[in-house]
Amino acid sequence: MAQRGRKPKPTAVKLLEGNPGKRGLNAGEAKKEWKRMAKQMELLGILTEIDMAAFAGYCQAYARWKEAEGYISEHGAIMETPSGYCQQVPQVSIAQTYLKIMNRFCEQFGLTPSSRSRIVADAGEDRESDAMEILLFKGGGG
């Protein structure tokens, strides 16, 4: 099961060469994911300006995961070495790594079922019931 064709070029090299194949690059996938998720997250109140770096990290991890999965879909997960042994292509571990990174970001933003269940929203509770709220909002409760 030898790998056919040329090895894929890293996105950075494609950018330096002006992307001669005119195919979508990682940055495009990251941008698509940003557009797909940002509005919904902002409406839910879980994305603010100070979260942008973390959200950008999620989007980039998503793009890299998708690129690795695309390679696996096209070429398979196993290749034959020159000596005749079968081995896993590097994209399998790359995809697994970026999936873990994405999941960590998703948990931080409350985007997984279990992390959403831990989010406690203020359901309009009376502030008088909390001593700290009394101190903060009534200037010492006196």
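**Charged pairs, cysteines and stacked rings**

Glu-33 and Arg-36 sit three residues apart in helix H2, so about one helical turn separates them. Their side chains meet in a salt bridge, with N to O at 2.8 Å. The model is predicted, and the values below are computed from it. How buried or exposed are the two partners? Glu-33 is buried, because its relative accessible area is 2%, below the cut-off of 20%. Arg-36 counts as partly exposed, at 48% relative accessibility.

Elsewhere, salt bridges with shared partners join Glu-29, Lys-32 and Lys-66 into one network. The structure holds three salt bridges. The side chains of Lys-32 and Glu-29 meet at 3.4 Å, N to O. Both residues belong to helix H2, which covers residues 26-43. They are three residues apart there, so about one helical turn lies between them. Lys-32 is exposed, at 55% relative accessibility. Glu-29 is buried, at 17%.

Which other residue does Glu-29 bridge to? Glu-29 also forms a salt bridge with Lys-66, and the closest N and O atoms are 3.1 Å apart. Glu-29 is in helix H2 and Lys-66 in helix H3, residues 52-75, so this pair ties together parts that lie 37 residues apart in sequence. Lys-66 is partly exposed, with a relative accessible area of 36%.

Return now to Glu-33. This residue of helix H2 is buried, at 2% relative accessible area. What does Glu-33 touch, leaving out residues up to four places away in sequence? Its contacts are Phe-55, Tyr-58, Cys-59 and Tyr-62.

Next, the aromatic rings. How many aromatic pairs does a search of the whole structure find? There are four. Phe-55 and Tyr-58 make one that is stacked, with the centres 6.0 Å apart and 15° between the planes. The pair counts as stacked because planes under 30 degrees apart fall in that class. Both residues lie in helix H3, three residues apart, about one turn of the helix. Phe-55 is buried, at 0% relative accessibility. Tyr-58 is buried as well, at 5%.

The rings of Tyr-62 and Trp-65 have their centres 5.8 Å apart, and their planes meet at 45°, so this pair is tilted. Tyr-62 and Trp-65 are also in helix H3, again three residues apart, about one turn.

Now the cysteines. How many disulfides does the structure hold? It holds zero. A disulfide needs sulfur atoms within 2.5 Å. Cys-106 is buried, with a relative accessible area of 11%. Cys-86, in contrast, counts as exposed, at 51% relative accessibility.

A last point is confidence. The mean pLDDT of the chain is 80, and 65% of its residues reach 70 or more. Which elements mark the two ends of the range? Among the elements of the chain, helix H1, residues 11-16, has the lowest mean pLDDT, at 50. Strand E2, residues 86-88, has the highest, at 97. Where pLDDT is low, predicted coordinates should not be read in detail.

Notes. Residues are numbered from 1 along each chain as its sequence is written. Side-chain values use heavy atoms; hydrogens and water are left out. A salt bridge is a side-chain nitrogen of Lys or Arg within 4 Å of a carboxyl oxygen of Asp or Glu. Helices (H or I, at least four residues) and strands (E, at least two) are DSSP runs, numbered from the N terminus. Buried means under 20% relative accessible area, exposed over 50%, partly exposed in between (1.4 Å probe, protein chains only). Rings of Phe, Tyr and Trp (its six-membered ring) pair if their centres lie within 6.5 Å; planes under 30 degrees apart count as stacked, over 60 as edge-to-face and the rest as tilted. Contact means heavy atoms within 4.5 Å. pLDDT is the predictor's confidence in each residue, from 0 to 100.
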